Amino acid sequence: MERLLEIKNLRTSFFTHVGEVQAVRGVSFHLDKGEAIGIVGESGSGKSITMMSVMRLLADNGKIVEGEILFEGRDLAKLPENEMQKVRGNEIGMIFQDPMTSLNPVLTVGDQLMEPLIKHKKMSKEEAFNRAVHMLELVGIPSPKSRMSQYPHEFSGGMRQRVMIAMALACEPKLLIADEPTTALDVTIQAQILELMKDLKQKINTSIILITHDLGVVADLCSRINVMYGGLIAETGTTRDIFYNPKHPYTWGLLNSVPNPKNLVKERLKPIDGQPPDLLKPPAGCPFAPRCQYAMRICMTQRPPLFEIGEGHKAACWLNHKDAPKVEAPIRRGDL
Amino acid sequence: MNKPLLEIKNLKKYFPIKKGLFNKTAHYLKAVDNVSFTINKGETLGLVGESGCGKTTCGRTIIKLYEPTDGQIIYDGVDIAKFSDKQMLEYRKKMQMIFQDPYASLDPRMTVGDIIGEAIDVHKLMGPKEREERIQYLLNRVGLNSEHASRYPHEFSGGQRQRIGIARALAVQPEFIICDEPISALDVSIQAQVVNMLEDLQSDLGLTYLFIAHDLSMVKHISNRVGVMYLGKLVELADSNELYTKPLHPYTQALLSAIPIPDPDESAKKKRIVLEGEIPSPIDPPPGCRFKNRCRYAKPICSEQEPVFKDMGGGHFVACHLY
């Protein structure tokens, strides 16, 4: 498979009046053409900032400190802004979390859909109009022609997210970044949107990076998963590796903190106690160590490397060192 | 356990939509339309449905943040539906609410101590020293530190704010708490912390919960019984395991099948019933069953007659013409 995106040792920081917030602290992963991968983690894990770095949409005080973002061989981290504008929305499309605030309320949906087509694809107004109508049809919006002249407030949440997807896909990007695309939506609408993304992935062969904190959402769509914590990759592997053979206590915690609806006997949830780390003063060792019940002395002082578990399956946890005590993964999944 | 604490009978909440020069009421938005259920002492009743189905309005009407249009709200044998604000004061001590958005539901200009103590002041329950002690106790009870009392909400994370919201609800020693999507704004790992705490509080203090949410797996976990709402109507109500294993209403079936499963093999096996379209407008809804235009089994009778909410045995209620 051909490599589409390769991130190498990315470090992104925000320089605030209280100091440097190290949001992303050395992240590497790759994405092949036509593949869908997931990035899972809680708020503050650096998952969104990693993708914002790829899009170069960081706030003014944010900066890519180190690392390469190779998109088809070009390093986006060093691309000048005018070049970057040709990438954004054209080669890489992005869907944001909140469909209520990410559309422009004073422009019609049609204008917003046609804008990238006219700008990037140099289409005439008429061509762009037809293409936009086609896109709305593709994402399943009824009577797309009359919808073109309506404003975002005339659309419901699910419909707005469809418009966002139509807009992100209008220029047929090679990569679609979806940042929590369904978090603000109802389960029924979430199912529709996920179904649509799966469908579109096949139809137009777009690669997808899905950012979410919901493991259920990635299980369905993605072939590989990166679990992020404290600005670092905690575990990476195929979806099956992560769900059936997880090797990082944080992944165990994530899997255990959602109730299994199949369980008929009421069981107490096992939350991950404590709070995520303060990235203003990131811990010297493993960022998860203060919340980890298996933490050893080394975890507090030395950051664990990504230990190789199997082909493409790596976990940044000292428990995977050959001299570490053997710990049985406390996953309830087995007793189903 | 089986003594009803709260009985809701034919509760209605219509919002008038005014139009024209003389503000004539042209239409009604029927947010809650003829809903009946009971909540037993010490029980958790879950209420689920898509946004716009009226579950939040239902909760707010029960606690009389909205004036009910019609129906009875019988709390401990007394119908409070028509009570004035003054009469309600006593009941507000017994009924409290935890709100959805921990970022918007705490006054940013009040310290955490004052936020929690406000209700104590309103009801003139305690002197200053006692009040202080109560606040300290509550903060510790929800897993925060005593010194947090002098801080402001912006200094806390989402999960901590929701704990403050819970401490505020507990301040007046209520019997009944309406939890309106208390965890949907939180991260998965933090959700489990808050849910566990709510369960502990319930068993320690003998609380009764109405738990409103759209996350079915969490609702099932925390509730003894679950009610499903659609467009202002209760369409199904059953024991939570029963509802999950034997959903009767086509809408419940679709809702359950839409839950994403955190298990790739299970997820691949599962057949999804993807509902077409979205929840229609509750403004002057058409006659008959309100789910008919999205229902796979719709028959002619569904457009003519409204299905009755009937008991299918064992306290499993459903409103559908299939049964």
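**Legends: domain and chain interfaces of a predicted model**

**View 1. A salt bridge joins D200(B) to R268(A) across the two chains.** The closest N and O atoms of D200(B) and R268(A) are 3.0 Å apart. A salt bridge here is a side-chain nitrogen of Lys or Arg within 4 Å of a carboxyl oxygen of Asp or Glu. The model is predicted, and local features need pLDDT of at least 70, side-chain atom pairs count only at pLDDT 80 or more, and totals for chains, interfaces and linings use all residues. Residues are numbered from 1 along each chain as its sequence is written, chains are lettered from A and ligands numbered from 1 in the order in which they are written, and side-chain values use heavy atoms, with hydrogens and water left out.

**View 2. R240(A) and D265(B) meet through their side chains in a salt bridge.** The N to O distance is 2.4 Å. This pair crosses between chains, with R240(A) in helix α9 of chain A and D265(B) in helix α10 (residues 264-269) of chain B. Helices (H or I, at least four residues) and strands (E, at least two) are DSSP runs, numbered from the N terminus.

**View 3. Chain A and chain B bury about 3,800 Å² between them.** Buried area is the accessible area (1.4 Å probe) that two parts lose on being put together, summed over both. Carbon and sulfur atoms give 53% of the area between the chains. In chain A, the residues that lose the most area to chain B are D186(A), V187(A) and P261(A), together 15% of what that side buries. The contact, meaning heavy atoms within 4.5 Å, takes 44 residues from chain A and 42 residues from chain B.

**View 4. The interface of chain A and chain B holds 12 residue pairs in polar contact, both residues at pLDDT 80 or more.** A polar contact is a pair of N or O atoms within 3.5 Å; within protein, one must be able to donate a hydrogen and the other to accept it, and residues adjacent in sequence count only if both atoms are side-chain atoms. On the side of chain A that touches chain B, α6 (157-169), α7 (187-204), α8 and α9 (239-244) of chain A each supply at least two residues. The most comes from α7(A), with seven residues. By class, that side of chain A has 18 nonpolar, 13 polar and 13 charged residues. Ala, Val, Leu, Ile, Met, Phe, Trp, Tyr, Cys and Pro count as nonpolar, Asp, Glu, Lys and Arg as charged, and the others, Gly among them, as polar.

View 5. R25(A), E42(A) and L215(A) supply 41% of the area that domain 1 buries against domain 2, more than any other three residues.

**View 6. E42(A) and R291(A) form a salt bridge, with closest N and O atoms 3.2 Å apart.** Across the interface of domain 1 and domain 2 of chain A, the rule finds one salt bridge. Between these domains there are eight residue pairs in polar contact, both residues at pLDDT 80 or more.
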